[in-house]
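I wanted a record of what I looked up in this model, entry by entry. The residues marked in the database record came first, then the packing around a few others.

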Amino acid sequence: MGKIAFIFPGQGSQTVGMGKEWAEKDEAVAAVFRQADERLQISLSQLIFEGPQDILTKTENAQPALLTTSIAFLQKVKEAGIAPHYVAGHSLGEYSALVAASVLSFSDAVYAVRKRGELMEKAVPSGQGTMAAVLGMDEALLQQVVDEVSTESSPVQLANLNCPGQIVISGAKEAVERASQLAKEKEAKRIIPLEVSGPFHSVLMKPAAQQFSAVLNTLSFQLSKVPVISNVTAEPMTDPTEIKHRLVEQLYSPVRWEQSIQTMIDLGVDTFIEIGPGKVLSGLVKKINRHVNVYSIFDEASFIATVAAVKGE
């Protein structure tokens, strides 16, 4: 058998009630939700389990909520004796990957992503920045489009390189709209404006990144136990100093997800396990390479099925 990678979802996968059923009957899962409440001094678990959805979806809530749910599920995977050779996460999911690799404690990670969410929310006044998914367009051609439209005062850039034919652009609202229109005229099959509160992974996040750097400097980073694939470079990293540096860059740089998955496949990974709510990343992995094994752990039933498949039971 080849190597295993754990992958963790990012913002957008949150749903009210995620992990609730499992937490009610499993102490290891419940303990993670309690720990998040204690570190943040808010009832995050109540918001996750009961909503409302619009409050849960706010960036400063969604980020710690997703991290907490992913790490709660990770406890069960560890108990089952499944260990990864590599870990990666999509944007926010990179923090779940860092906890899985023992770079950050869960307590520090949940604090970091709460602050990250607050700073991202404040970086650009509401309504001034946005993101849009561009489907069915070549990366090089879309790069030309954003280069043509982007200006210093009204920037737009590639933000998420998710899988072949799915790229998200981000930036100033009018620039994203102009780039979307131009992309449609060139060859894009479809443009989907995203329901987001800001232009994430764009240069407009640089002020947030500077402030976030100060937050990360208060936390303890350890040498990674397994390599973490960086969103920024799509390369493995284990050094705590580099990891911290990349987390700051990640706020205003594209998420190179397709390249990250390809890097792991090139390193011998043939089994990907998505840990956290939803199956978004599993779908992307299948579009990147349909010959690898992909499993999702998003509740107790999917966990039991995944363990049986991976361990050949």
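**Entry 1: model and annotation.** I noted that the model is predicted. I looked up the UniProt record, an unreviewed entry, and it places the feature "active site" at Ser91 and His201. The two are spread over 111 residues of sequence, yet they cluster in space, with a largest C-alpha distance of 8.7 Å. I then checked the largest pocket and found that its lining includes Ser91 and His201.

**Entry 2: Ser91.** I located Ser91 in the loop between β2 (86-89) and α6 (93-100). Its relative accessible area is 11%, so Ser91 counts as buried, the cut-off being under 20%. I listed its contacts, leaving aside neighbours within four places in sequence: Arg116, His201, Asn231, Gln250 and Val255.

**Entry 3: His201.** I found His201 in the loop between β6 (190-193) and α10 (206-216). His201 is buried too, with a relative accessible area of 4%. With residues up to four places away in sequence not counted, I have His201 touching Ser91, Arg116, Gln157, Leu158, Ala159, Asn160, Gln250, Leu251, Tyr252, Ser253 and Val255. For polar atoms, I noted that the side chain of His201 has one that lies 2.7 Å from the backbone oxygen of Gln250. Gln250 is also among the contacts of Ser91.

**Entry 4: Gly93.** I moved on to helix α6, where Gly93 is found. Which residues does Gly93 touch, not counting those up to four places away in sequence? I have Phe8, Pro9 and Gly10. Gly93 and Phe8 are 85 residues apart in sequence, but their C-alpha atoms are 4.8 Å apart in space. The relative accessible area of Gly93 is 0%, so I put it down as buried.

**Entry 5: helix α13.** In α13 (residues 280-288) I marked Leu281, Ser282, Leu284, Val285 and Ile288 as buried. They lie on the same side of α13, because the arc they cover around the axis is only 160 degrees. I looked up what these buried residues pack against: the strands are β1 (3-8), β4 (156-163), β5 (166-172), β9 (269-275) and β10 (293-297), and the helix is α12 (257-266).

**Entry 6: Ser170.** I took Ser170 from strand β5. At 0% relative accessibility it counts as buried. I checked its side chain against backbone oxygens: that of Phe200 lies 2.7 Å from a polar atom of the Ser170 side chain, and that of Pro199 is reached at 3.2 Å. Beyond four places in sequence, Ser170 touches several residues, including Thr130, Gln157, Val176 and Ser202.

**Entry 7: domains.** I looked up the domain assignment, which gives domain 1 (3-123 + 204-311) and domain 2 (129-196). The contact between them takes 12 residues from domain 1 and 12 residues from domain 2. I noted 26 Å between the C-alpha centres of domain 1 and domain 2.

**Entry 8: Thr306.** Is Thr306 buried or exposed? I have it as buried, with a relative accessible area of 3%. Not counting residues up to four places away in sequence, Thr306 touches Ile273, Tyr295, Ser296 and Ile297.

Notes. Residues numbered from 1 in each chain as written. Predicted model: local features only at pLDDT ≥ 70, side-chain atom pairs only at ≥ 80, totals over all residues. Heavy atoms only, no water. UniProt positions renumbered as here; feature names shortened; annotations may be inferred. 1 Å grid on protein atoms, 1.4 Å probe; cavity = no way out; pocket = protein on both sides within 12 Å on 5 of 7 lines; lining within 4 Å. Helix = DSSP H or I, 4+ residues; strand = E, 2+ residues; numbered from the N terminus. Buried < 20%, exposed > 50% of the residue type's maximum accessible area, 1.4 Å probe, protein only. Contact = heavy atoms within 4.5 Å. Polar contact = N/O pair within 3.5 Å; in protein donor to acceptor, adjacent residues only side chain to side chain. Arc of directions from axis to C-beta. Domains from an automatic or database assignment.
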